[in-house]
Amino acid sequence: MPNALATKRTIAQSLKHLMQTTPLKKISIQNIVDDCGLNRQTFYYHFQDIYDLIEWILATESLERAEEHAEIHGEEEAILGVLIYARENKSFFTNLAHSEATDALNRLCERELYRTLMDALRTLAKGKPVTEGELDFIASFYTPAILHVLYRWIYDDMREDPQVIVERLSILLRGTFAQAVDRYAIRRTKK
């Protein structure tokens, strides 16, 4: 169904185009379909509402960028890819950050970062006596901290170079996940 994907991307581009000059709360579905030359029925065939469209944009575009970078270069580059994407779409993200859609942005970012951390932790824990609950605790501990850094960067108008943000996170987090897994494993073997 390549036409459905093309239509979704067209609708998404219209929303992003409108968000360059208009606050999200003032954008209607009619504005979006007028901008892209489609009708309301087409919009509702693909999305329930504007927030559904926003979640789709975030889930497809930014996560595609992250996965593309992660496959080629690893997790640090995945974060860098998302930051570069966010900066390329600055008006979209800053508009979102100052809108009622912040919850959608938060939920998606938290879910995806948590998932990424859990995948990394499971890999580190292979063959070690660490429970899924302990891995969940580690991921739940680090997820909000990393997200706070990213949100602060967005609210600070994305002034800092994304590479600097990634380097700082890397220095801070390098080895900490493996150490946390090892501490839980050691604790279990002592019992």
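Predicted model: local features only at pLDDT ≥ 70, side-chain atom pairs only at ≥ 80, totals over all residues.

User: How many residues does the protein have, and what percentage of them count as buried?

Analyst: The protein has 191 residues, of which 42% count as buried, while its accessible surface is about 11000 Å², with 53% of that belonging to carbon and sulfur atoms. Among contacts between residues at least 6 apart in sequence, 68% join residues at least 24 apart.

User: Which residues of helix 2 are buried, and how should I read their spacing?

Analyst: The general idea is that an α-helix has 3.6 residues a turn, so residues three or four places apart point the same way. In helix 2, which spans residues 29–36, the buried residues are Ile29, Ile32, Val33 and Cys36. Seen down the axis of helix 2, these buried residues fall within an arc of 90°, so they line one face of the helix. Helix 2 is followed by glycine 37, which has a positive phi, near 75°.

User: At what angle do helix 8 and helix 10 cross, and which residues make the contact?

Analyst: The axes of helix 8 (residues 132–155) and helix 10 (residues 176–190) cross at roughly 145° and come within 11 Å, and the crossing is right-handed. Helix 8 contributes Glu134, Leu135, Phe137, Ile138 and Tyr142, whereas helix 10 contributes Thr176, Phe177, Ala180, Val181, Tyr184, Arg187 and Arg188. By class, the residues of this contact divide into 8 nonpolar, 1 polar and 3 charged.

Key:
Residues numbered from 1 in each chain as written. Heavy atoms only, no water. Axes fitted to C-alpha atoms, helices over the stretch in contact; angles between N-to-C directions. Helix = DSSP H or I, 4+ residues; strand = E, 2+ residues; numbered from the N terminus. Left-handed = near helix turned anticlockwise from the far one by under 90°. Contact = heavy atoms within 4.5 Å. Nonpolar A, V, L, I, M, F, W, Y, C, P; charged D, E, K, R; others polar. Buried < 20%, exposed > 50% of the residue type's maximum accessible area, 1.4 Å probe, protein only. Areas by Shrake-Rupley, 256 points an atom, 1.4 Å probe, with all protein chains shown as cover. Arc of directions from axis to C-beta.
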